[in-house]
Amino acid sequence: MRISRTRITAVVAATVTVAAAVTTVLAGAASAAQGCRIDYQPNEWTGGFTANVRVSPGDTALSGWTVTWSYPGGQRITGGWNATVSQTGTTVTARNAAWNGSVPAGGSTEFGVQGTSTSGSAAPTGFTLNGVPCNGAPPPTTTPPPTTPPPTTPPPTTPPPTTPPPTTPPPTTPPPTTPPPAGCAGAVLCDGFENQTGSTPAGDWSVVNPDCSGTGRASVDTATTHSGSRSLRIDGAQGYCNHVFVRSTKDLSAVGTVRYGRIWLRHTTALPTQHVTIMAMTDAADGNKDLRMGGQNGALQWNRASDDATLPEQSPSGVALSVPLPTGRWTCLEFMVDGNQGQLRTWLDGTAVTGLTADGVPTHDIDGQWYNRTWRPRLTDLKLGWESYGEGADTLWYDDVALGTSRIGC
């Protein structure tokens, strides 16, 4: 008897509230060339920070952008989202991602950075956009030396006033000790599992065993995390009856027919030759069968439970266009499913995967099988976990899960 492959648990991130003193560096009057403006808004805590950066080009449209600024000292960038960010000395450079380089005149786009800092780190300065000073800063000029010697008027003999400085010290409100969650801008579901209080997922998550259960197990882990102090751990056993997932109990209807997901994932064992599932979503437009993400032939794949269609097709050329899921480290898995157009996109660590892309036009050995019928998914949940159909056991961790209506980024 053939046992259908199961759904994967839906997890999405709970927002961590930070009672932080938020310092905002906002642009002044936009008098620089193109009237550009860079708004830098950080959230700071002891030893670290994140910052949201808004890029507004003013009256000139952009087809690509590079933003730079300088830290006076003590801040080091450790990562970013929606941009490629690097730091040399005190200078930070951020370049647009593939999807947000075009910005219309009068429009804006945003990206984020994360980093470490020392006590009392000052705000950044010297913002430029494509080499142009922003926020009202005048462009650099070279002043020729004067040809007439300056006057030799002696300085005034009246000493300046000696008003003593104020004796009231500034407020000493301590910074927050808990960092904010990894970027979840605008996400309907944003969960780092920090609100889990027991060893078994509960509250916003429910353990489910589609088809059959066995030795597979779901638990809350405090030893291996991507951020914070907790993650979801799945001990996935091999065989047909060890299906275990954790399903989000949140109402995800606000996500709509176009959904973007971001999941940080770590596992121990390379994907096997036979089919396994690591994430599933119920498709109400396909008989409530699951749209599944997993692996086959050692590489990542999408699988449609209703007809067992795979993306990419399991031919040598199709599999070659996918990628394995790295073991022993945290990996950022992103996806987009467009139910209006019947399209699908996948990114691994910010890089698009060709074989895991269904663009609406059938391509032999890639998504020809996927489009053997009209596909307009209407996804209703999110499940994370493990489903094996023969060989393959693995231990997996999930953390900082997000689901929303626009790309969230790593």
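Count the bonded cysteines along the chain and the disulfides of this protein pair as 1-2, 3-4, 5-6. Here a disulfide is any pair of cysteine sulfur atoms within 2.5 Å, and a search of the whole structure turns up three of them. Before going further, keep in mind that this is a predicted model, where local features need pLDDT of at least 70, side-chain atom pairs count only at pLDDT 80 or more, and totals for chains, interfaces and linings use all residues. Residues are numbered from 1 along each chain as its sequence is written, and side-chain values use heavy atoms, with hydrogens and water left out.

Take Cys 36 and Cys 134 to begin with: their sulfur atoms sit 1.9 Å apart. The torsion about that S-S bond is about -110°, so the disulfide of Cys 36 and Cys 134 is left-handed. Cys 36 lies in the segment before β1 (37–45), while Cys 134 is in the loop between β9 (132–133) and β10 (189–191), so the bond ties together parts that are 98 residues apart in sequence. Strands like these are DSSP runs of E, at least two residues long, numbered from the N terminus. Both Cys 36 and Cys 134 are buried, meaning under 20% relative accessible area; exposed is over 50% and partly exposed is in between (1.4 Å probe, protein chains only).

Next comes the link between Cys 184 and Cys 190, with an S to S distance of 2.0 Å. Its torsion is about 85°, so the disulfide of Cys 184 and Cys 190 is right-handed. Cys 184 and Cys 190 are buried too.

That leaves Cys 332 and Cys 410, joined at 1.9 Å from S to S. With -90° about the S-S bond, this link of Cys 332 and Cys 410 is left-handed. Cys 332 belongs to strand β20 (residues 331–338) and Cys 410 to the segment after β24 (394–404), so the pair connects parts that are 78 residues apart in sequence.

Now for the nonpolar cores, which are sets of buried Ala, Val, Leu, Ile, Met, Phe, Trp, Tyr and Cys residues joined through side-chain atoms within 4.5 Å. The largest has 43 residues, and Trp 302 and Trp 370 have the most contacts inside it. Apart from that one lies another core of 23 residues, including Leu 62, Ala 83, Phe 127 and Leu 129.

Notes: Helices (H or I, at least four residues) and strands (E, at least two) are DSSP runs, numbered from the N terminus.
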